[in-house]
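Here is a short briefing for a first look at this structure. Keep the sequence and the 3D view side by side as you read.

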Amino acid sequence: MKKMILLMLFLGTQLYAKEVKDLQCESKTTPKGIAINKPHFSWTFIGDAKSPKQGGYRIMMATSPEKLKYPDLWDSGPTSSSQSSDIQYSGAPLQNGQRVYWKVIIWGNNRGAVHSEVTWFEMGKIKNPEKAFQPNVFSKSRKGVTKININCKDKGRTFEGIGAVSAGASTDLLYDYINPVRSQILDLLFKPKFGAAFQHLKVEMGGGENSTCGSEPSHAFTKEELKNPVSRGYEFWLMKEAKNRNSDMILEYLPWSFPGWLKPNIYTQESADYFVAFLDVAKKQWDLDIDWVAAAENENDTDRNWLVNHMRPTLDARGYQNVRIQGPDDNSGDWKIFNDLEKDKAFDNVIEAVGYHYVTGREFTDNMVDGRGRPTTPKAKQSGKPLWASEDWSWTGKDWGGAGALNLARLYNKFYIRDQITKTLIWAPIGSIYKSVTWDKAGAMKANEPWSGYYEVWPTIWATAHTTQFATPENWQYLDEACGLFDASTYKGSVVTLKDKNSANWSMIICTEDSETLEVKIKKGLSNEKVYVWKSDAENQFVELVSIIPKKKSFTIQLDPKSIYSLTTTTGQQKGTYEIPESKAFPFPYKEDYEDRKVGDLPKYHSDQKGSFEIALKEDGTNCLKQVAPEAGYDWMRIYRRPNIKPHTLIGDVNWRNYTCSADVFIAGGNVELGGRVKGSFLNSYRFMIAKNGSWKLIHNKKTLSKGNINGFDGSIWHQLKIKFQDKNVEVFVDNKSVTKANHIVSNGYVSFASSYHNNLFDNLEITAND
C-alpha cells in the first residue's frame, strides 16, 4: 500500500547485505560522450551469509546529487528483480552534454538494504534524441486573461472515474461502528453527489499476513477450504455497502499476501482457482458482481503465462467472462508492459486496462504534483488501452496544503493532462486504524473511534467531490483542447473539461496556484445556460457560489489562488453533512467476552496485525476468540521490509500505561501470548509467552527478561494469564499465582494477544485499573 514504500526504503537498520559497487554505464565507469538515448547500466552486489543474492533493486537518477532524494530524471521504484546488468534507461529524455548523477539501492534476498555511492555519466551528442512531453498551455491575452474554448466536437478519452483502495487493513475499525453513524460515514464515502462519491472501489483479497496497517483474512486459509470458501473480514461487507449506495459502483480486487498452502509458487492453476473462489464468495454469499481483478500480486509485477494460460481460462470456465483483468498494478516498471503487449497478442487480449502505482512519485510536499514519478509513455498513450493510476497519493486527507487535498485535486487533473490517465484510485478511502499503527494518518477521512462514534470529514473528501460530483464514469468524455495548464512550468494551476456524452452538459475542474482571470467560450452543441460554481480553499471546502449566466455563449470568472473550482451545467451536487458524536477515549475499564457477535465474525475493536483472529464456539456453547491462520503465508514485500513476529491482534488505547490486563487462554498447540504496553504493528512491548508444556518467557521487545517452567502445567485445559503494569514494575500471574516480576522501563500502549500458527483460543479479556 499502501503505500509502505517510503518506510521500506529506510528500514535497512540491519544491513545484512554488504556492498554494491562497480556501477557502470554502457560497461564503463563514469563515462563521457554517451551517444545512445537509452543507455544500459550494471553493478556488482556482494552479499553475506544471510543475504547472499540480490532480491531487488531501485535505480535513481537526477540532474544533481541533491535531487536524488526525489529523482527528477528516473526512479525505477523498488523492483523485485535479481537483474544487475543490461538494465535500460527508462527516464526522462536525456540532453546533449548532460551530466546525470545516479545511485542504486539493493535489497538482499533475505531483506536488508545497502546503498551505493553516487556516481555519474555524461552524455555526448545523442543519436535520435527523444523529445520531452509538452503539456497544453492555454493562451493569455495581453491583460493576462486565460482563454478556453469548449467544443463538443473536441476529441478526448472517456472518463473512467475516481476511486479508492481499501487494503492493508486501512478500513479495520469502520466495521465496528454502529448505525446510524456507520451508515453516515459510508454515505460520505460512496453516496453519489453527497460526499467524496467514490466511483470505483478496489479491495484487498486478504491472505492473513501484514499488508501495511495490519492483516486481512483469507477466504481459503487451507486447500480444503477452497471447496467451500469462507466470507471473512469486512471487504465483502464494504463492497456491498458501496454498491447499495451507488448501483453503478465499479468493484475490483487484488491480493497483497497469500495463504501458506499456495507457497512457493503463486502462479499456478491452484492460485487461479483461489482467485476465482473470491468471486464465488462475492456472488453466492453477497450477491455482488465484481467487475475487475488486478493481475497477480500488489506491486510485485505479474506473470504473463499464468494470466493467459490459467487465470483468464479459469474465469471464463467458471462463468466470470465479464470479469476483466487489469495489470500489472506494479510500483515500478515505467509502463514497460506495453513493450510486451505489442509483441504478444494473447497477452494484449487478456490485459484490458493497464494500471501503475505512484505515477507522480512520492514526494510528500506541495511539489509532489510536479514530481516526475513514472509518467506514461508514448507507446502507452498510442495503445488505446485504458490507463489508470491504480494506487496513488497515500497521504493524510486532513491537510489542505502540502501533499494534502489541494495537491490531490491537482493530481487528478495532471494525470489526464500529462498521462492520458482516465482513472485514479487513492489509498485509502478512510483511515480506520489505531493510533501508532503503521500509516495511521492515511486516508481521505478518519474514523477510528467506533466506541464513541466520532469521525472526521477531511478536506480531501471535498477535493475529490470536485471531480466525482460533476462527472460519472463511461458517460463523460474529456475535451482535450480544454484541458491544460495556466503556466508551462508547473501543474499546480490546471484545468480539465468534460462533457456528458448523452446531453449538452459540461463540467470544468480548475486548480489554481495564483490568482487567475478565465474567459470561457462555449461552442455550438454544449449548454450555454446557467453555470453553477463550486469552490474549495484552505478555509472552506465545497461551497456553492453565485451562478453565472453566459452572455453570447461566453463568460468570465475571477479565480482565487490555491483553490479548487468546479464549473458545471449539471445540478444536484451537495455538501453532505451529519451531526458527529463527540470524541471519547477507549472505554476503561474494559471487558470482552465475545458473545455479541456471531461465530466466524470479526471481534469488536480488535486490530489484527498478522494472522487472523475470529469469533469461534467453545465446547460449552459460548463464544471465544480463535487464531485461524494455520501457517505462515506468502508475505507481501518479503524482500523489502521486516516481518511481523507472529500472529497477533491489538486492542485498547496506545496511551494506557498503568493497568492490569487478563485473559483466559486455551493452548491447542505451540504457544500463546498476552502482551501490554504495545506501541504499534511489531509487538514492541512487554509479552508473556507460555507454551502448551508450561514453559514461559517474559519478553520486552526482543529481550528476554525472565523465563521458566510451570511444574505440573496441564496443557489440555483453559488457563488465566494476567499482567500488572505499575510504573517500572511488571508482574505476571498464571491462574492467579505470581510467576515472575521485572523492574524495567516505563512505557505505554495497547493490549495484545499473540499466537503461534495454531488454533489457539482466547476469552474473557479484562483490562482494569490497578488496585
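Which residues of α3 are buried? They are Glu235, Phe236, Trp237, Leu238, Met239, Glu241, Ala242 and Arg245. The model is a predicted one.

**Helix α3 and its surroundings**
- Helix α3 spans residues 235-245. Eight of its eleven residues are buried, so α3 is largely enclosed by the rest of the structure.
- The buried residues of α3 pack against several elements: β10 (161-166), α2, β11 (200-205), β12 and α4 (269-286).

**Helix α2 against helix α3**
- Two packed helices are described by the angle between their axes and the distance between the axes.
- Helix α2 covers residues 181-190, and its axis comes within 10 Å of the axis of α3. The two axes cross at roughly 70°.
- Because of that angle, α2 counts as roughly perpendicular to α3, the range for this being 65 to 115 degrees.
- The crossing of α2 and α3 is right-handed.
- On the α2 side, the contact is made by Arg182, Ser183, Leu186, Asp187 and Phe190. On the α3 side, Trp237, Leu238, Glu241, Ala242 and Arg245 take part.
- Sorted by class, this contact of α2 with α3 has five nonpolar, one polar and four charged residues.

- Strands of a sheet pair through backbone hydrogen bonds, either parallel or antiparallel.
- Eight strands form a closed barrel with parallel pairing, in the order β10-β11-β12-β13-β14-β15-β16-β17. From one strand to the next, the twist averages 25°.
- Opposite Tyr253 stands Val293 in β13.
- Helix α5 (residues 304-317) packs on the sheet and touches β12, β13, β14 (324-330) and β15 (351-357). The direction of α5 makes about 140° with that of β14.

**Helix α4 against helix α5**
- The axes of α4 and α5 come within 9 Å and cross at roughly 35°. Their crossing is right-handed.
- From α4, the contact is made by Gln269, Ser271, Ala272, Asp273, Phe275, Val276 and Leu279. From α5 come Trp306, His310, Met311, Thr314 and Leu315.
- The contact of α4 with α5 has seven nonpolar, four polar and one charged residues.

**The open sheet**
- Seven strands make an open sheet with antiparallel pairing, in the order β30-β33-β42-β35-β36-β37-β38.
- Its edge strands are β30 (607-610) and β38 (703-709), and each pairs on one side only. The twist averages 20° from one strand to the next.
- Within this sheet, β33 (residues 648-651) and β42 (residues 750-755) pair in the antiparallel sense over four bridges.
- Ile651 has Val751 of β42 as its bridge partner.

**Leu765**
- Leu765 lies in strand β43 (residues 761-768).
- Is Leu765 buried or exposed? Leu765 is buried, with a relative accessible area of 1%.
- Among the residues that Leu765 touches, leaving aside those up to four places away in sequence, are Ile651 and Val751. Others include Tyr590, Lys591, Glu592, Tyr594 and Phe753.
- Val665 is 100 residues from Leu765 along the chain, with 9.7 Å between their C-alpha atoms.

Key: Residues numbered from 1 in each chain as written. Predicted model: local features only at pLDDT ≥ 70, side-chain atom pairs only at ≥ 80, totals over all residues. Heavy atoms only, no water. Axes fitted to C-alpha atoms, helices over the stretch in contact; angles between N-to-C directions. Helix = DSSP H or I, 4+ residues; strand = E, 2+ residues; numbered from the N terminus. Parallel < 35°, antiparallel > 145°, perpendicular 65-115°, else oblique. Left-handed = near helix turned anticlockwise from the far one by under 90°. Contact = heavy atoms within 4.5 Å. Nonpolar A, V, L, I, M, F, W, Y, C, P; charged D, E, K, R; others polar. Pairing = 2+ DSSP bridges. Buried < 20%, exposed > 50% of the residue type's maximum accessible area, 1.4 Å probe, protein only.
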